[in-house]
Amino acid sequence: MMSKAVEEIKEPTVKKRNPRRVVAGLAGLSGALFLASCAKNAPQDTWQPKGENAQKIDDLQKPVFAIAGVVGVIVLVAVAVVIFRFKDRGQPIPHQTHGKPVFEITMTVIPALILAGVGVFTARTVFDLAKTDDTEMIINVTGQQWWWEYDYPVQDGISAPIISSGQLVIPVGTKVLLRETSRDVIHSYWIPALNGKRDAVPGRVHTLRLEADEPGIYAGQCTEFCGLSHANMRMEAVALSKEDFAKWVDAQLAAYQSPTEGLAKEGEAVFIAQCSRCHQVNGLENANGDPIISAPEENVLAGAAPNLTKFMSRNTFAGATWDLLNKTCRDNVWNATSEEFGAKYLAGVSAECLNVADLRDWLRNAPAKKPMYADPTKLADTGGLTRGMPNLNLTEDDIDKLMAYLLTLK
Amino acid sequence: MFTTGSKFYLGISTLAAIVSVVFLITNDQVALGCVALLGLMVSAGIIAGASLASRDGGETENATTSAAADAAPTSSIWPLALTLGLVVLIVGIVTEPLVFVIGIGVILAALAEWLVQSWSERASADGKFNALARKRILNPLEFPILATAITGVIAISFSRIMLAVSKDGSAILFIVISTLILVAISLFSLKPSIRTTTVAAIATIGALGLVSAGITTFGIGEREELVIAAEEGHYSHQECGEEKSKYYDKHVERTVSSKSGVIATVILKDGELTAKVLGIGEGQKQITVPRANPTSILFQNLDDTDHRLTAYLGKEPVAEGVTEDILTCTQMIGKGGKQVLTIKINKPTFAEGPYTLTVPGIEGTSIEMIVP
Ligand SMILES: [Cu+2]
């Protein structure tokens, strides 16, 4: 017993680190980081502006980055030189001086001048970005855990309100003003290719201007930590040519077509029974011919659930986190040239293109796919209201029917 | 056999008994007076008993022979105060709970004072030291309690005066009184040789004046507009129609509210309501608000008379088959004033709309709120 215990407390052998290896490791790591920053498929790259405001930010940040880089290199080199040249080798302490006014003043004036120069341009850009008076279109953007809702007020070219979620559809070459707010906690809207970030704060309306130069899809991400599924709170800006945008508006405003027969018709009944208490489908009617009005405010803590009237006109779902298109069809849309993009996007989701697996998973058990506080046994704090969509324990049969029905919503 | 103290309290008790009989015979409205008098009889009787039982706190062997007993006991008002406290307590039982509580307070104070005083008088043979011992124990209690009581009385008196005089009068009065206090204190500090009794006398006169003015104005009551406003329930009423109160708060637009970050500013000008919508501009008749989300709208009144903005937010069921309009509104806003109105609409326009913003008293102009 005794001898064993003694053995165990024997001092561990310390491996002496080889400084060369550490340096090599660090160099490798930074090299990898450097290369990673050059990734080709980086949809949220801040260095690739695709719109006017993003361009302004880029025009400011590039020179500032260059200046900061030069200053940084000078400082680092100077520090390195001092470290190596004046290392303690036992030499006598050199002659000490107290104050060199000329040197000190120079070293104060130069940075002050640099900062003042940067400051002037920064202030100018800040004011430029805040400009809203030449806005050509407004869209209300409302954040909630964990998806974005968009509604388009009646304005030139939009004759009735449109409501959508996840993908923000805008016309190219148009100065679009987002009026952001939130239904629960603070979120932040950010499409890096089109502009900087702007917080969406409950009870307040903040504005953010976007303008896209070319048709295409621009990815973004909620950038204010907002709870469990913050990482799954994404969004995409979809820019369409002006003609295509008009077509999109017409499609969004087209009247609801109730399926007449088959699985889809049965799916409508399941939807009315299971889903319409949270999700609004405009035009959906009950047996008496009265419109069915959802009541998300009685079921969801944020007071809202995505409007599904034109669900299949979008390409992604649940906070733009999963594709509604399967791999081939997705690549076909996302990699389309700017000329072809519009038509491909407007085609929406067809039965052949549907990403069946992810959508079925969602209907089978949404909180298993996207973490949400939706467990009914743990909702005492919220008075039974869920954050996000709960698990509805649907049968595979019902899911078949719902899939058929959802495909008709476009 | 009767000690001096017990004779005194027995006398009071007997007197109270006699007076209560006379009182009973001569008065119609007897209840309260009788309670007080009989209460006095009982409480004085109890104290008399206590005096008897303790032989006035003397005459035990040690108490008479020890050195400490040489010092003569000083006179004490605390047994009397205790009697008074008991009377107040008994009156409180039949009248107000507050009186009862005051009675308890007086009893506790009298007991504490009495106990400590009689203890300190036998603490040593040195009267001066005994007085000091009493102070050591009781002053830290007496000073803060007395100070609170005096401050309370002064504050209440002052507030009664302010509520009774006119609005402008109260402002002037406030300035005059505070100036007087400032001047008096400055003079005192400039003349350190002034005698403390003089200062105390002046302060007492001032305090007495204040309290008597307070009592007088309490009798007069609050000024008319306050009385009417309270009767109308003006401070709490949530009336969204035309203002019927004469004395509503004329300065509400100066209240603090988040006046930035609103979705629209609704302006009343020349009898016309228009909206200045964030991102769209002026002159709008429609604003779009998100569903089921509290949203702020700023109301600005550029009309010459006071107005409020009222929002119609749909209907809510109040009983089987009965619904009531959901209304919310700003307060009355004077010319040029602004106030934020926060609205929340749960159902889309096509369900329960149209939702509107109107100004009661001004017909034919409104703004529609569209909920998608
Ligand atoms: Cu978020």
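Okay, let's start in helix α6 of chain B, where B:Asn130, B:Ala133, B:Leu138, B:Asn139, B:Glu142, B:Ser157, B:Ile161, B:Met162 and B:Ala164 are buried, meaning under 20% relative accessible area with a 1.4 Å probe, protein chains only. This is a predicted model, where local features need pLDDT of at least 70, side-chain atom pairs count only at pLDDT 80 or more, and totals for chains, interfaces and linings use all residues. Residues are numbered from 1 along each chain as written, chains are lettered from A and ligands numbered from 1 in the order written, and side-chain values use heavy atoms, leaving out hydrogens and water.

So what do those buried residues of α6(B) pack against? They pack against α5, α7 (167–190) and α8 (196–220) of chain B, with contact meaning heavy atoms within 4.5 Å.

Let's take α5. The axes of α5 (residues 97–121) and α6 (residues 127–164), both of chain B, come within 8 Å and cross at roughly 160 degrees. The two helices are therefore roughly antiparallel, the word for angles over 145 degrees. On the α5(B) side, the residues that meet α6(B) include B:Val116 and B:Trp119; on the α6(B) side, they include B:Ile137 and B:Leu138.

B:Leu138 comes up again: a kink of about 50 degrees lies there, shortly before the proline B:Pro140.

Over to chain A. A:Thr181 sits in strand β5 (residues 176–182) of that chain. Is A:Thr181 buried or exposed? Buried, at a relative accessible area of 7%. Leaving out residues up to four places away in sequence, A:Thr181 touches residues including A:Val141, A:Pro202 and, from chain B, B:Pro290 and B:Asn293.

How values were computed:
Axes fitted to C-alpha atoms, helices over the stretch in contact; angles between N-to-C directions. Helix = DSSP H or I, 4+ residues; strand = E, 2+ residues; numbered from the N terminus. Parallel < 35°, antiparallel > 145°, perpendicular 65-115°, else oblique. Bend = angle between axes of the 7 residues up to and from the residue. Buried < 20%, exposed > 50% of the residue type's maximum accessible area, 1.4 Å probe, protein only.
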